[in-house]
Protein chains: 2
Amino acid sequence: MTTTLPAPGLRRGYRASVLHLLGDPHVAPQAYAYFDDGLLIIEHGHVLALGPYATLLDQHPGLEVVDYTGKLIVPGFIDTHVHYPQTEMIGSYGEELLAWLDAYTYPTERAFADKDYARSVAKVFLRELLRNGTTSALVFATVHRASVDALFEEAEQLGMRLITGKVLMDRNAPAYLRDTPQTAYDESKELIAAWHNKGRLSYAVTPRFAGSSSPEQLRAAARLLVEHPDCYLQTHVAENKSEVRWIESLYADEVPPHTSYLGVYDHFQLMTERAVFAHGIHLDDEDFDLLARRKSAVSFCPTSNLFLGSGLFRLDHAQQRGVKVGLGTDIGAGTSFSLLQTLNEAYKVVKLQGGKLSALRAFYLATLGSARALELADKIGSLLPGREADFVVLDPDATPLLAFRNRKVSSIDERLFVLMTLGDDRAVRATYVAGALVHDRDAL
Amino acid sequence: MTTTLPAPGLRRGYRASVLHLLGDPHVAPQAYAYFDDGLLIIEHGHVLALGPYATLLDQHPGLEVVDYTGKLIVPGFIDTHVHYPQTEMIGSYGEELLAWLDAYTYPTERAFADKDYARSVAKVFLRELLRNGTTSALVFATVHRASVDALFEEAEQLGMRLITGKVLMDRNAPAYLRDTPQTAYDESKELIAAWHNKGRLSYAVTPRFAGSSSPEQLRAAARLLVEHPDCYLQTHVAENKSEVRWIESLYADEVPPHTSYLGVYDHFQLMTERAVFAHGIHLDDEDFDLLARRKSAVSFCPTSNLFLGSGLFRLDHAQQRGVKVGLGTDIGAGTSFSLLQTLNEAYKVVKLQGGKLSALRAFYLATLGSARALELADKIGSLLPGREADFVVLDPDATPLLAFRNRKVSSIDERLFVLMTLGDDRAVRATYVAGALVHDRDAL
């Protein structure tokens, strides 16, 4: 098998089983395509064609084909909420959200004022994404401009579609991490000019959360969104009960009575179509309706929600009320970079509430659903012709246990479900970004 | 480094960091021993000595030493609840307990009437235990005598301390899996004669649960325990709310009014000091007190409890009320053979209830705590001189992410916590049973 990088623009085929979602299985259960013996043809970093191997090969005589028979190709995974500086603090013991920020997060993020340090962690972070089959992510940097530059530079080299931004935080945090409404605005503005829409990179205006941004800073964030309407907004909402109570009292004099935590962001005009709110565990149905109306998205981060004891996200409710939902690892409160393992725990979160997360719904969350949450479904999240060629080659038999279990597997649904239950980074045989091989599990 | 099997009786040392628990950290936080540069000396399959490398080597001139510097030796893990026939059905989709038994478990167990088939799965099952550092287990077989013989034979060859038994089930299950009170009694009796206390093997009288055994069969089980007081009793209790309601109504005419599900087992005299009740999620404080009084144990199975949506075991409550608690994977409703991953989810189950499971408490659960649950703490669960030499060599840097994370680790507590958060079978460098190397991760 050839695994060297193709020359730019070279047309190449990949033979494997291929699965991608075409719609939300919650709405349209049959909205997917599966080719047991499939062929995915890539050219110029985009999908040229996808179909049955025999048919498609006939139409492309002389095509060079990489043979991944026995493997399963799916669209690259998309992580809609992750903090790259927290790569080095996964598994920090004992606290719930607010104490956890003070005890672990803030001291860790301090070091990212130094660009070399930031770069060294960015490299590890991106390597971990790719090892786990994640080809796109919406990422928190730190308050430091250098932390953003470092991550964008590294992602650009890899050709990844990546979104990040400087964290805005001007209160209720250590002095060494605080900016001001003005520096927040100015530095974001400069970063947008430098990076937004540069190749596959996009910028996200990034107030950490309502507790660490003053009303004035939230207004500055809104101004940035008005001036750059295709920029993203990312922040946190309703992750933890103490946090919710705190935010609602903190803003009591700033917003109309009975405004919810989410409503605070709406009051400050931050609920855009390109806004992604992480967690949303303690949102009520009214909040979900507001999200649906504004077309803002929630990022569901099950391993993190369990690890911090934050609670159980009401996925079924949110989706039934038309909320766009993406999947997030929330490293470093999350406990795995693997979106397979994240789906394993997503299943459990839904099950504890009496629901069922089917494998197709799960893979939708990790691919097309997250692409839609980022308003990027025309570019990534599926393998339709014209889409950017981000894809993962999964190895269903990656471990002895998976191989043994698969002897009893008879449908693609079952194979996917076993993969998300037992799979991890070892199940990622190879990862391709814009048609280029960027991770090869078996390379020496 | 030498990794060949030692000649029987050969004295050999193992150099590494070594940690073991000496008591319950819930009661005595300092009840552990840790040697950063330690030496564990094994002879005749037992621990001869444990201490600081330099001191101990002086006392044993000429000792042959296997160098595991940089690794961490802990006692072999103990799995107090696992179904070996379900190895091939992990990750079966969608159901809660009772429907899950009907849809997946019973059809799967049918095949274990065939001893060759049972043996083939037993081999894989034991290999997975050892790959994950589990050296002892209390295991459910199936209703078929052959399934018990097959597992005992394979465990005997490996020299493992293992406990299993024929499942008793004479009602509310498919005809092809049902026995009778008499055949249950007779076959158990024969298996006890053949296997109980043979080398390191022990027998467990194994009524599946009160729902699948008639009162007459439960009385037969009690008779077996009276006739063989050092045999174990294993069964399930209060795993699922529908199950609890069903059992309480099923036995309404058999037991005094207001008898709880657990009380049913007590009524039938099954709550011995060697009884292990799996799950116990929906037990109340009165039930916990009864368990403490009878000195029976509960097996806490977090990945399974989440996967089936059964609920959250109240670990803190149970331990505070003096209940013996062991750890279980409950494969196949559990989602991992790894007790490290099981501790990862145990932490989350405790956190969701507002508690904290420290790394020492967690490793206690997986080693000495489970040994105590099985009344085997004089033989396994720690590395005191005289104990059977079941131990695991953990590799704290087993994956690129672990290695990166460990750069920031400064205490043994933190190292253990990171291992149970990010570790899996890859973190098990080697597994020793009675002093013999039975799993070597790096062997070709």
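Student: Leaving aside its neighbours within four places in sequence, which residues is B:Ser92 in contact with?

Tutor: A caution before the details: this is a predicted model. Beyond four places in sequence, B:Ser92 is in contact with A:Arg405, A:Phe417, B:Trp100, B:Tyr104 and B:Phe307. That list includes A:Arg405 and A:Phe417 of chain A. B:Ser92 itself sits in a loop of chain B, between β5 (77-83) and α2 (97-110). Its relative accessibility is 6%, so B:Ser92 counts as buried, the cut-off being under 20%.

A side-chain oxygen of B:Ser338 comes to within 3.1 Å of the backbone nitrogen of B:Leu340, at the start of α12(B). The helix has 14 residues. From first C-alpha to last, α12(B) reaches 20 Å, close to the 20 Å expected at 1.5 Å a residue. Of its 14 residues, 13 are buried, so α12(B) is largely enclosed by the rest of the structure. After the helix comes B:Gly354, with a positive phi near 85°.

Helix α12 of chain B leads on to the largest pocket. The volume of this pocket is about 480 Å³. It is lined by 28 residues, and those closest to its centre are A:Leu312, A:Leu352, B:Gly311, B:Leu312 and B:Leu352. Both chains therefore supply elements with two or more lining residues: α7 (241-250) and α12 (339-352) of chain A, and α7 (241-250) and α12 (339-352) of chain B. By class, the lining has 16 polar, 6 nonpolar and 6 charged residues.

The second largest pocket has a volume of about 280 Å³. Its lining has 20 residues. Nearest its centre lie A:His258, A:Thr259, A:Ser260, A:Gly263 and A:Asp287. Three helices of chain A, namely α7, α8 (261-267) and α9 (285-294), each give at least two residues to this lining. Its classes are 7 nonpolar, 6 polar and 7 charged.

Conventions: Residues are numbered from 1 along each chain as its sequence is written. Chains are lettered from A and ligands numbered from 1 in the order in which they are written. This is a predicted model: local features need pLDDT of at least 70, side-chain atom pairs count only at pLDDT 80 or more; totals for chains, interfaces and linings use all residues. Side-chain values use heavy atoms; hydrogens and water are left out. On a 1 Å grid over the protein atoms alone, a cavity is a set of points where a 1.4 Å probe fits but cannot get out, and a pocket is an open set with protein on both sides within 12 Å along at least five of seven lines; lining residues have an atom within 4 Å of a point. Grid points are joined across faces, edges and corners, and a volume is the space filled by probe spheres set on the points. Helices (H or I, at least four residues) and strands (E, at least two) are DSSP runs, numbered from the N terminus. Ala, Val, Leu, Ile, Met, Phe, Trp, Tyr, Cys and Pro count as nonpolar, Asp, Glu, Lys and Arg as charged, and the others, Gly among them, as polar. The expected span of a helix is 1.5 Å times one less than its number of residues. Buried means under 20% relative accessible area, exposed over 50%, partly exposed in between (1.4 Å probe, protein chains only). A polar contact is a pair of N or O atoms within 3.5 Å; within protein, one must be able to donate a hydrogen and the other to accept it, and residues adjacent in sequence count only if both atoms are side-chain atoms. Contact means heavy atoms within 4.5 Å.
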